[in-house]
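I set out to record what I looked up in this structure, entry by entry. The notes begin with the overall layout and then turn to single residues.

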Amino acid sequence: MRKDEEDSGGLQLTRRLWLIWLAVLGVVCLGGLLAWQRARHFERLFHLTRLDPLGLTAISNDRSPSARIVMFGDSRAAAWPTPTGFTMVNRGVPGHTSAQARLRYPIHVSPLKPELVIMQVGVNDLAALAILDDDDDSEAITQATIANLREMLTLARNDGSRVILTTIFPLGPNALERLDPSTRRITAAITRVNQAIRAMAAPDVIIFDSAAILADETGYVAEPFRDDLLHINAAGYRLLNERLVTLLRELE
């Protein structure tokens, strides 16, 4: 009887070890898949940037001589739907950094002579910290992002446009991405840039704190609003537009 119990116990232990091994293997494989997908994403952006550094072909030629409201920035801006009751021209280009946005502002925004420009840009600069993890790189990238945002505000002022400057959305990491040290580096940089953005408030610069609207108690994008690490879903944009409509009506 005792021998049967020992055999049974040994078999259970073997099964548990196999289950643990399979679980570890699954986590490793999933992590590898996520890393491969991220690498492919950055490789695609790399080639698109080489082919069209300023994204001039990403925006269709708009013959409208002017636009009252322009949405400007990166993929987060490009995906931002027009708020109900308003007309808006979208000049967001996926993958763009603040440097690219600054350089194309006179081409994509200034000719439209907008009364109001809504800006959401900067996360792609800071996402580079996933690879460029040196402290000096982190500081240089963070400061360059802040400087580019300030220069775009100057460009808007020179055009006579008011700006709704949105804080950079937080990240929306899954369970594995939360374990990645680069997620914490990028999040810390977003926090620093958002602090600088809030300090840019002026009579002609209204701060729209999208980060505070989207974040949960962890500081990341709340689960109902996440699409992937860098992007929010339709529910997230609905929430933003509910708040944005109120602000736009106040500015009319």
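The entries below follow the order in which I consulted the model.

**Entry 1. Basis.** I noted that this is a predicted model, in which local features need pLDDT of at least 70 and side-chain atom pairs count only at pLDDT 80 or more, while totals for chains, interfaces and linings use all residues. Residues are numbered from 1 along each chain as its sequence is written, and side-chain values use heavy atoms, with hydrogens and water left out.

**Entry 2. Layout.** I found nine helices and five strands in the protein chain. Helices here are DSSP runs of H or I with at least four residues, strands are runs of E with at least two, and both are numbered from the N terminus. Read from the N terminus, the order of elements is α-β-α-β-α-β-α-α-β-α-α-β-α-α. The chain has 252 residues, of which 41% count as buried. Buried means under 20% relative accessible area, exposed over 50%, and partly exposed in between, with a 1.4 Å probe and protein chains only. I also looked up contacts, meaning heavy atoms within 4.5 Å. Among those between residues at least 6 apart in sequence, 72% join residues at least 24 apart.

**Entry 3. Two helices.** How do α5 and α7 pack? Helix α5 (residues 135-159) and helix α7 (residues 181-198) meet at an angle of about 30°, and their axes are 10 Å apart. Axes are lines fitted to C-alpha atoms, for helices over the stretch in contact, and angles run from 0 to 180 degrees between N-to-C directions. The two helices are therefore roughly parallel to each other, a term for angles under 35 degrees. From α5, the contact includes Glu139, Thr142 and Leu149; from α7, it includes Ala189, Arg192 and Ile197.

**Entry 4. Cores.** I next looked up the nonpolar cores, each a set of buried Ala, Val, Leu, Ile, Met, Phe, Trp, Tyr and Cys residues joined through side-chain atoms within 4.5 Å. The largest has 36 residues, and Phe72, Met119, Leu126, Leu149, Leu165 and Leu171 touch the most other members. Among the elements that each supply at least two residues of this core are β1 (69-73), β3 (116-120), α5 and α7. Apart from it lies another core of 25 residues, among them Ile69, Ile164, Phe208 and Leu239. In soluble globular proteins, nonpolar side chains tend to be buried together.

**Entry 5. Phe72.** Is Phe72 buried or exposed? Phe72, in strand β1, is buried, with a relative accessible area of 0%. Beyond its neighbours within four places in sequence, Phe72 is in contact with residues including Ala77, Arg91, Tyr105, Met119 and Met152. Phe72 and Gln120 are 48 residues apart along the chain, and their C-alpha atoms are separated by 6.5 Å.

**Entry 6. Leu248.** I located Leu248 in helix α9 (residues 234-251). Leu248 counts as buried, because its relative accessibility is 2%. Neighbours within four places in sequence aside, its contacts are Ile69, Pro83, Phe86, Leu116 and Ile164. One of these, Leu116, is 132 residues from Leu248 in sequence and 9.5 Å away in space, C-alpha to C-alpha.

**Entry 7. Lys113.** Where is Lys113 found? Lys113 is in the loop between α3 and β3 and is exposed, with a relative accessible area of 60%. I recorded a positive phi of about 50° for Lys113, although it is not a glycine. Most residues other than glycine have a negative phi.

Technical notes. Parallel < 35°, antiparallel > 145°, perpendicular 65-115°, else oblique.
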